[in-house]
Amino acid sequence: MDISFYSEDVKFTPYWWEAAPRVAAPEALAPERADVAIVGSGYTGLSAALTLARAGRHVLVLEKDDPGFGASSRNGGAFGANLRISFASMIGKFGLEQASAYYRGAREALATLASVITDEKIECNFARVGRFTGAHRPGDYESLERDLDLQRKHLGFEGHMVPRAEQRRFIGTDHYHGGRFTAWDGNLHPGLYHTGLLERVRAAGATVLGRTAVTAIARDGDSFVVAAGGSKVHAKQVVVATNGYGGDLSPWLKRRLIPLQSQIIATEPLPPDLMAKLMPGARQLGDTCKLHHYYRTSPDGRRILFGGRAGQREVNDPRSSGTHLYKRLVALFPELREVRITHSWAGFIAYTFDHLPHMAQQDGIYYAAGYCGSGVAMATYLGRKTALKAIGSPDAANPFDTAHPTRPLYTGRPWFMGPIIWYKGMQDALHL
Ligand SMILES: Cc1cc2nc3c(=O)[nH]c(=O)nc-3n(C[C@H](O)[C@H](O)[C@H](O)COP(=O)(O)OP(=O)(O)OC[C@H]3O[C@@H](n4cnc5c(N)ncnc54)[C@H](O)[C@@H]3O)c2cc1C
């Protein structure tokens with residue numbers, strides 16, 4: 001394995017942790033009682049905690065690692081009103097009315113993210129720079145165009161197509177067959193967003209404990225007993241906000257999620273003229289590959305962060321995933337051949353069988369999960385909606401509070417994903 005492209009001081013932890021290091025929460029025993037116990041301290045858990053604490057509930061957030069250890073401090077920081085299935089495909093699957101409801105929900109999720117950041121005055125480099133999606137195959141350009149036309153017609157969304165001859169205004173490569181620009185998307189610093197949210201949650205009176213794994217949740221009449229870090233917490237309500245990191249805690253949720261890794265690398269600082277050439281406008285960038293890539297500049301505009309799915313296996317060593325992503329990066333931008341990689345890391349996302357995010361209440365426990373890799377806005381939104389549901393507010397209503405499907409015999413071990421990822425990778429390589 002060639003690893004000569006790594007810098008001498010390469011780190012196999014997220015680039016975001018430089019500006020927003022993970023901070024151990026003060027060690028403390030969990031209190032005996034809480035109105036609401038929340039398992040997981042990512043965007044879902046914290047967004048729920050903020051809403052519940054502001055509604056006067058005594059909230060306890062329990063995190064098995066340091067707060068924000070999961071995907072919420074590892075992601076690409078891309079936000080938008082997008083769902084995993086295109087609007088056009090969704091119309092084919094669910095009909096226009098339901099597809100529109102889902103996409104309006106995604107738009108509302110984006111508005112929620114923007115309002116949380118603005119209202120809470122969270123400094124996290126939130127920038128609506130728009131997104132360019134490159135067409136990997138010639139036919140993808142037409143598909144993107146058809147989807148955009150439908151979104152414009154039925155949802156009033158803004159965007160335009162970019163023919164191949166003009167794409168260098170958006171990205172410094174001829175690799176794509178043109179692409180689509182959507183104006184409502186953008187980038188933020190995911191670590192700083194998490195840190196800001198955590199500070200607001202604590203200021204609102206909630207307790208957030210780190211290194212306190214929840215090992216069991218049992219019913220106790222109308223309430224629950226939560227076993228966490230050697231303590232037993234009596235909670236009137238419980239929210240499980242563990243997304244791709246849930247493990248065996250909830251067999252019900254485990255049967256409904258497909259945990260998968262996504263990986264990112266960051267380059268060393270690059271000369272300003274090279275950055276301006278490769279990433280004019282510092283947009284959110286991506287492609288239509290079946291194993292799609294997502295990339296962007298760092299908030300200071302000096303580095304490229306390049307993410308995607310690096311091969312079939314979940315990696316234990318981000319050294320190897322970095323190799324895969326680096327090759328792809330250089331294929332897109334040959335100018336980066338001599339550039340060093342300073343960070344390579346991975347994290348878990350959670351897919352669902354219907355490719356939709358979900359919130360649910362099962363056996364009295366509240367759940368929100370399955371953002372299919374687009375949780376920056378959606379986790380913030382469904383965390384809040386879950387809290388509103390827990391306090392009985394009519395504002396909890398949203399299109400993602402629907403039956404969360406599983407498959408017969410599925411127990412949470414996605415053995416089938418290896419072959420599927422291999423097949424998709426082959427399709428991408430052969431431009432099929
Ligand atoms: C590499 C990568 C890139 C991504 N890029 C993007 C992107 O650009 N845009 C986008 O919108 N989304 C992106 N995502 C997805 C997004 O980050 C997630 O959807 C979102 O952060 C999920 O938030 P969450 O709070 O539900 O889960 P998480 O942030 O994963 O938090 C779950 C937490 O639960 C804790 N936990 C689990 N079990 C227990 C237990 N038993 N007891 C206590 N604590 C427990 C975990 O330690 C973890 O901290 C990306 C994800 C990854 C991994």
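**The core and the sheet**

Guide: The largest nonpolar core has 113 residues. Ala37, Ile38, Ala49, Val59 and Leu62 have the most contacts inside this core. A nonpolar core here is a set of buried Ala, Val, Leu, Ile, Met, Phe, Trp, Tyr and Cys residues joined through C-beta atoms within 7 Å. Buried means that 20 or more other C-beta atoms, placed from the backbone, lie within 10 Å of a residue's own. Helix H4 (residues 96–119) gives the most to the core, with 9 residues. Helices (H or I, at least four residues) and strands (E, at least two) are DSSP runs, numbered from the N terminus.

This is a predicted model: local features need pLDDT of at least 70, side-chain atom pairs count only at pLDDT 80 or more, and totals for chains, interfaces and linings use all residues. Residues are numbered from 1 along each chain as its sequence is written.

Take Ala37. Leaving out residues up to four places away in sequence, Ala37 touches Leu60, Leu62, Val226, Val233, Ala235 and Val238 (contact: C-beta atoms, placed from the backbone, within 7 Å).

Nine strands form an open sheet with mixed pairing, in the order E1-E17-E13-E16-E15-E14-E5-E7-E6. Two strands pair if DSSP finds at least two bridges between them. Strands E1 (6–11) and E6 (159–162) stand at the edges; each has a single partner strand, so one side of each is left without a neighbour in the sheet. Inside the order, E15 (residues 294–297) and E16 (residues 304–308) run antiparallel, joined by 4 bridges. Thr297 stands opposite Ile304 in E16.

Terms used:
Buried ≥ 20, exposed ≤ 12 C-beta atoms within 10 Å, placed from the backbone. Contact = placed C-beta atoms within 7 Å.
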